[in-house]
Amino acid sequence: MLDALQITAQTNAFPVICRIDNEFPYGDSQSDEAYRLSVTEKGVNITSPSSKGLYWGLVTLNQLVKKDTEGSSYLPECEIIDWPAFSIRGFMNDTGRSFISLDELKEEIDVMSRFKLNVFHWHFTENQGWRLESRLFPQLNDSANMLRDHGKYYRIDEARELVGYAADRNITVIPEIDMPGHSKAFDITFGFDMQSPEGVKVVKQLLAEACQTFEEVPYFHIGTDEVKFTNPDFVPEMVRLVREYGKKAISWNPGWKYGDGEIDMIQMWSYRGEPIEGVPAIDSRFHYINHYDTYADIVGLYRSKIYHRENEDDTVKGVVIALWNDRYIDDEKKISVQNNLYPLLMVTAERGWDGGGTEYFDSLGTNMTPVNSADFRKFADFERRMLHHKKTRLNDKNIPYVKQTNVHWLITEAFPNGGDLSAKFPPEIEGPKYEYIYNDSVYKSREATGAGIYLRHVWGNIVPAFYSDPKPDHTAYAFTNVYSPEDQKVGLQFETQNYSRSESDVAPPQGEWDYRCSKLWINGKEIKPREWRNIHKERDNEISLANENMATESPIPVELKKGWNSVMIKLPVGKFQIPEVRLVKWMFTFVFTTPDGKEAAPGLIYIPLKRENEKS
């Protein structure tokens, strides 16, 4: 508990007293994570029914440290009684596809612990590689039997080290061997699949070895997703073996169909995941952040309930966001940046600890509500706190997210383009208006807020976006006016696709923002995209993402003039499925930043439609 020592040193005035109270009278009597924190002029007292609660009390104490005008640290007097709404609040990282070093995983666990996340789901076997050392079958870890990051795996002592490192930070590791699917590395090594008679014998030995490697953890995840089952005894046998080692078995849903008492916990994924009567569940249904953009999806995740619940019940125990590394990324540091990991960890921590939320991705989706709504004010307050942590406690992390709640747009109704992505429509000629006449029909515009706007979500109509019923072969326009208090050089984050990190999609054609002929004008001057570094034409998961996504790149240099600056974005779309891009994202990201991209550009005012004589 180093945090307690740090706090004592920072206050340099009085000790921090932590005490376990077996008759702790506050909060949910079921929660061993509850705590009471009291800061007075006499000192700091933390009580809890368990060491877990004491630890979270210390985490909160760290968050309370403030600086005076001379830079000295102090603590405000306060009393906090606190406990979580859900007992599982976690993050899953797929290190089976792409190996991630122990040091990087420790950094992620450190951040999780700072925000009271308590589960690290470690997915380390995949088609691309078996990344947990096996002393029984060392050939599994041979580079010749891996399809990516050849020869990279975690030794048994390293796996145990990470479990201990996480435990010291109040985090439980859930290890996963995905079976019998996602197992090409196994097939390549042995020449038979897991469900064969020979395979069953080997998998049982591997699972027993892994259960002993992870002796201290209470759960073991056995996968069972995305596979055709040919051996009806395979999954029940593996569940039985996990239980024999004193652990509870977890399985994906959809996956193997379990009867009463045949599994200890399920983890729901995709929109098809459903609870099973009498079986506790983890919600990961719309939580695959490898498909998220930097700005819009965080709004939907913040607003969302955890599988329609405000608090934990017998069926739903919590949430795990998941990061699947299908697409190779050649720098592990860029994985967290590409996936906006740290802001999303903070969202998950808030919703998992506080509970609540207003919907389940099904009404507003990723759309930000009007600025005078309670929903908007709550997200804006979260954004303020999150950016504070970015600047202070996470200032050593590369986090591309900047303030977006002040970015306002006027977006037109979509015009039918008949498949001609270059077709021009009235907004391109007449500029921003609330209403247009085209082919004797009225096309209206609506206001929107945010640096990222989905016109059609990556998951289609399953998650609502700006258009309630988006159609292919249409063209939209987005406008804003930006007031700058002076002539200044700024940066621009801009993209119109955002390439999912689970897709083998090819980069846009040179000179184009995407495969839809999107265009951007600032003060009437067209802004062209950077030169794309990837030039291959065939989809390939093993070619690393380069500069397709703006998140890992320096912002585009832009000069703003003093006063008002006009912005127009043209957003055509053809078909929603094309050969080059599996998931066509009809969307855009736009926000001005400081030249280095670290913060929002200062002093700017975004107004959708500037009226005559409008002043700042």
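Here follows a short exchange on how some terms are applied to this predicted model.

Author: In this predicted model, local features need pLDDT of at least 70 and side-chain atom pairs count only at pLDDT 80 or more, while totals for chains, interfaces and linings use all residues. Residues are numbered from 1 along each chain as its sequence is written, and side-chain values use heavy atoms, with hydrogens and water left out.

Reader: Why are helices α6 and α7 called roughly parallel to each other?

Author: Helix α6 (residues 197-213) and helix α7 (residues 234-244) pack at an angle of about 25°, with axes 10 Å apart. Angles under 35 degrees count as roughly parallel (over 145 as roughly antiparallel, 65 to 115 as roughly perpendicular, the rest as oblique), and therefore α6 and α7 are roughly parallel.

Reader: What makes the pair of lysine 333 and glutamate 104 a salt bridge?

Author: The term asks for a side-chain nitrogen of Lys or Arg within 4 Å of a carboxyl oxygen of Asp or Glu, and here the closest N and O atoms are 2.9 Å apart, so lysine 333 and glutamate 104 form a salt bridge. The pair links helix α9 (residues 332-338), which holds lysine 333, with helix α3 (residues 102-114), which holds glutamate 104, 229 residues apart.

Reader: Why is glutamate 104 called buried, and why does lysine 333 count as partly exposed?

Author: Buried means under 20% relative accessible area, exposed over 50%, and partly exposed in between (1.4 Å probe, protein chains only). Glutamate 104 has a relative accessible area of 2%, so it is buried, whereas lysine 333, at 39%, counts as partly exposed.

Methods
Axes are lines fitted to C-alpha atoms, for helices over the stretch in contact, and angles run from 0 to 180 degrees between N-to-C directions. Helices (H or I, at least four residues) and strands (E, at least two) are DSSP runs, numbered from the N terminus.
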